[in-house]
Amino acid sequence: MDDSFLANMIPEVNKVITYGFNRHVDVQGEYITSDEFGNPHFKVLDTVIKLKVAGMHNIYNALAAVSVGLEFNLNMNQMKTY
């Protein structure tokens with residue numbers, strides 16, 4: 001939802017789960033920092049996640065994965081393991 005161009009392209013479906021850093025999303029991430037290798041650390045639902053891949057764009061990939069996990073009733077510890 002942080003990209004207004006893509007947000008306007010959401011098709012009409014039965015259920016849409018939004019994610020991003022914006023306050024008006026279903027799954028909201030909060031950037032914390034990046035380590036010396038460029039691996040970002042962020043928080044979602046009061047859980048800190050430290051990615052093992054460099055690049056801020058990977059936070060969006062992780063937020064998408066968290067959104068799917070939540071839809072399938074996984075808890076944050078289960079999702080952090082993988």
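**Close-up 1. Serine 34 is paired with proline 40 of strand S3 in this predicted model**. Strand S3 covers residues 40-44. Its partner here, strand S2, covers residues 27-34. S2 and S3 pair in the antiparallel sense, over five bridges. Together, S2 and S3 form a hairpin with five residues between them. Glycine 38 sits in that turn, with a positive phi of about 85 degrees. Strand S3 is mostly covered. Four of its five residues are buried.

**Close-up 2. Strands S3 and S4 run antiparallel**. Four bridges join S3 to S4, and S4 spans residues 47-50. Phenylalanine 42 stands opposite isoleucine 49 in S4. S3 and S4 also form a hairpin, with two residues between the strands. In this hairpin leucine 45 takes a positive phi near 50 degrees. Aspartate 46 lies in the loop between S3 and S4. Aspartate 46 has a positive phi too, of about 65 degrees, although it is not a glycine. Most residues other than glycine have a negative phi. Is aspartate 46 buried or exposed? Aspartate 46 has a relative accessible area of 74%, so it is exposed.

**Close-up 3. Four strands make an open sheet**. The order of the strands is S1-S2-S3-S4, and the pairing is mixed. S1 and S4 stand at the edges. Each of these two has a single partner strand, so one side of each is left without a neighbour in the sheet. S1 and S2 run parallel, joined by two bridges. Tyrosine 19 has valine 27, in S2, as its bridge partner. By contrast, the pairing of S2 with S3 is antiparallel, and so is that of S3 with S4.

**Close-up 4. Phenylalanine 21 and tyrosine 60 form an aromatic pair**. The structure holds one such pair. A pair of aromatic rings is described by the distance of the centres and the angle of the planes. In this pair the distance is 5.4 Å centre to centre, with 85 degrees between the planes. The arrangement is edge-to-face. Which parts of the chain does the pair tie together? Phenylalanine 21 lies in the loop between strand S1 (19-20) and S2, while tyrosine 60 belongs to helix H2 (residues 57-71). The pair therefore links parts that are 39 residues apart in sequence. Phenylalanine 21 is partly exposed, at a relative accessible area of 25%. Tyrosine 60 also counts as partly exposed, at 31% relative accessibility.

**Close-up 5. Aspartate 2 touches both members of the aromatic pair**. Aspartate 2 lies in the segment before helix H1. Which residues does aspartate 2 touch, not counting residues up to four places away in sequence? They are Gly20, Phe21, Asn22 and Tyr60. Aspartate 2 counts as partly exposed, at 33% relative accessibility. Threonine 47 is 45 residues away from aspartate 2 in sequence. In space the two are 21 Å apart, C-alpha to C-alpha.

**Close-up 6. Phe5, Leu6 and Met9 make a nonpolar surface patch**. The area of the patch is about 350 Å². Phenylalanine 5 is found in helix H1, which covers residues 4-7. Phenylalanine 5 counts as exposed, at 58% relative accessibility.

**Close-up 7. Glycine 69 lies in helix H2**. Is glycine 69 buried or exposed? Glycine 69 has a relative accessible area of 5%, so it is buried. Leaving aside neighbours within four places in sequence, glycine 69 is in contact with Leu74 and Met79. Asparagine 8 is 61 residues from glycine 69 in sequence. Between these two, the distance in space is 24 Å, C-alpha to C-alpha.

**Close-up 8. Asparagine 73 is found in the loop between H2 and helix H3**. Helix H3 covers residues 76-81. Asparagine 73 has a positive phi of about 60 degrees, although it is not a glycine. Asparagine 73 is exposed, with a relative accessible area of 69%.

Conventions: Residues numbered from 1 in each chain as written. Predicted model: local features only at pLDDT ≥ 70, side-chain atom pairs only at ≥ 80, totals over all residues. Heavy atoms only, no water. Patch = residues over 30% accessible without salt bridge, like charges linked within 9 Å, V, L, I, M, F, W, Y side chains within 5 Å. Areas by Shrake-Rupley, 256 points an atom, 1.4 Å probe, with all protein chains shown as cover. Salt bridge = Lys/Arg side-chain N within 4 Å of Asp/Glu carboxyl O. Buried < 20%, exposed > 50% of the residue type's maximum accessible area, 1.4 Å probe, protein only. Pairing = 2+ DSSP bridges. Phe/Tyr/Trp six-rings, centres within 6.5 Å; stacked < 30°, edge-to-face > 60°. Contact = heavy atoms within 4.5 Å.
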